[in-house]
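Please read this note with the sequence and the model side by side. The points are numbered so that you can check each one in turn.

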Amino acid sequence: MRPSMWIFAIGLLVIGQVAEASIVSVYTSDKRATATYSGVAQSDNDNGTGFGNVSLDASRGSSHSTLDTTWVDTGTGALLDHDISLSFNGNDYDHALARDEYLRFSILDDTTY
């Protein structure tokens with residue numbers, strides 16, 4: 001095979017890989033960890049929509065909040081995983097929360113998510 005044919009064949013392989021659309025598309029996300037101590041809050045947030053890992057951590061006094069998110073596009077579906085850890089001392093002015101309030105995604109094929 002001539003060198004130009006090899007280049008053409010490799011180019012077709014690369015284009016074929018790039019042109020495939022993901023089965024799962026994430027459009028909106030609002031991940032947030034918040035810790036409040038004596039009525040004063042500290043927050044950590046992320047509104048990214050890409051697949052991968054995100055760790056959020058908020059501390060204020062004795063209140064602590066973490067949110068670890070893992071989104072994996074498996075090629076035949078998706079894993080949308082959230083792990084949450086909250087702690088606070090329990091008086092009226094202290095609390096901790098973690099959320100992904102606006103997670104909006106679509107599935108473009110019959111698949112598991």
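The points below go from the overall fold to the core and then to the charged pairs.

1. This is a predicted model, in which local features need pLDDT of at least 70 and side-chain atom pairs count only at pLDDT 80 or more, while totals for chains, interfaces and linings use all residues. Residues are numbered from 1 along each chain as its sequence is written, and side-chain values use heavy atoms, with hydrogens and water left out.

2. The protein has 1 helix and 8 strands, where helices (H or I, at least four residues) and strands (E, at least two) are DSSP runs numbered from the N terminus. Along the sequence they follow the pattern α-β-β-β-β-β-β-β-β. Of the 113 residues, 23% count as buried, meaning under 20% relative accessible area, with exposed being over 50% and partly exposed in between (1.4 Å probe, protein chains only).

3. The largest nonpolar core consists of 6 residues, namely Ala33, Ala35, Leu56, Ala58, Leu67 and Ala98; such a core is a set of buried Ala, Val, Leu, Ile, Met, Phe, Trp, Tyr and Cys residues joined through side-chain atoms within 4.5 Å. Strands β2 (31-37) and β4 (52-60) are the elements that each give two or more residues to this core.

4. There are 2 salt bridges, each defined as a side-chain nitrogen of Lys or Arg within 4 Å of a carboxyl oxygen of Asp or Glu. In one, Asp46 pairs with Lys31, with the closest N and O atoms 3.6 Å apart. Because Asp46 lies in strand β3 (residues 40-46) and Lys31 in strand β2, the pair ties together parts that are 15 residues apart in sequence. Lys31 is buried at 1% relative accessibility, whereas Asp46 is partly exposed at 25%.
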